[in-house]
Amino acid sequence: MLAIFIETPTLAAIPALLFALLALIVRRRLVWIAAGAWLLYGVYEMLMERRILCSGECNIRVDLLLLYPALLALSVAAVVVAARRRPG
């Protein structure tokens, strides 16, 4: 499912934008951090795609074993924090 971000790194801007909009509404730091993490991940994937951060043999992406769970956990935590926001 997340492999689409490897093929089209600019799509990472979508969750980044959604979290940024959510952060404007709920004003929680963790939601801003999630937006920034998705944006940084998109930039990272673009640099990987253009072979700037890898020497050319990037078929085995061990880095994703850390990045995907971290992005997922951060995203879930940001949604939970935003959902628990008290009105007023």
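Modeller: In this predicted model, a residue is called buried under 20% relative accessible area, exposed over 50% and partly exposed in between (1.4 Å probe, protein chains only). Local features need pLDDT of at least 70, side-chain atom pairs count only at pLDDT 80 or more, and totals for chains, interfaces and linings use all residues. Residues are numbered from 1 along each chain as its sequence is written, and side-chain values use heavy atoms, with hydrogens and water left out.

Biologist: Why is Glu45 counted as buried?

Modeller: Glu45 has 1% relative accessibility, and therefore counts as buried.

Biologist: What makes Asp63 partly exposed?

Modeller: Asp63 stands at 22% relative accessibility, so the term partly exposed applies.

Biologist: Why is the contact of Glu45 and Arg61 called a salt bridge?

Modeller: A salt bridge requires a side-chain nitrogen of Lys or Arg within 4 Å of a carboxyl oxygen of Asp or Glu. For Glu45 and Arg61 the N to O distance is 2.8 Å, and the side chains meet in a salt bridge. Arg61 also meets Asp63 in a salt bridge, at 3.0 Å, and Glu45, Arg61 and Asp63 are linked in a network.

Biologist: What makes the ring pair of Tyr41 and Tyr68 edge-to-face?

Modeller: Rings of Phe, Tyr and Trp (its six-membered ring) pair if their centres lie within 6.5 Å; planes under 30 degrees apart count as stacked, over 60 as edge-to-face and the rest as tilted. Both Trp38 and Tyr41 are buried. The rings of Tyr41 and Tyr68 have centres 6.0 Å apart and planes at 65°, so this pair is edge-to-face.
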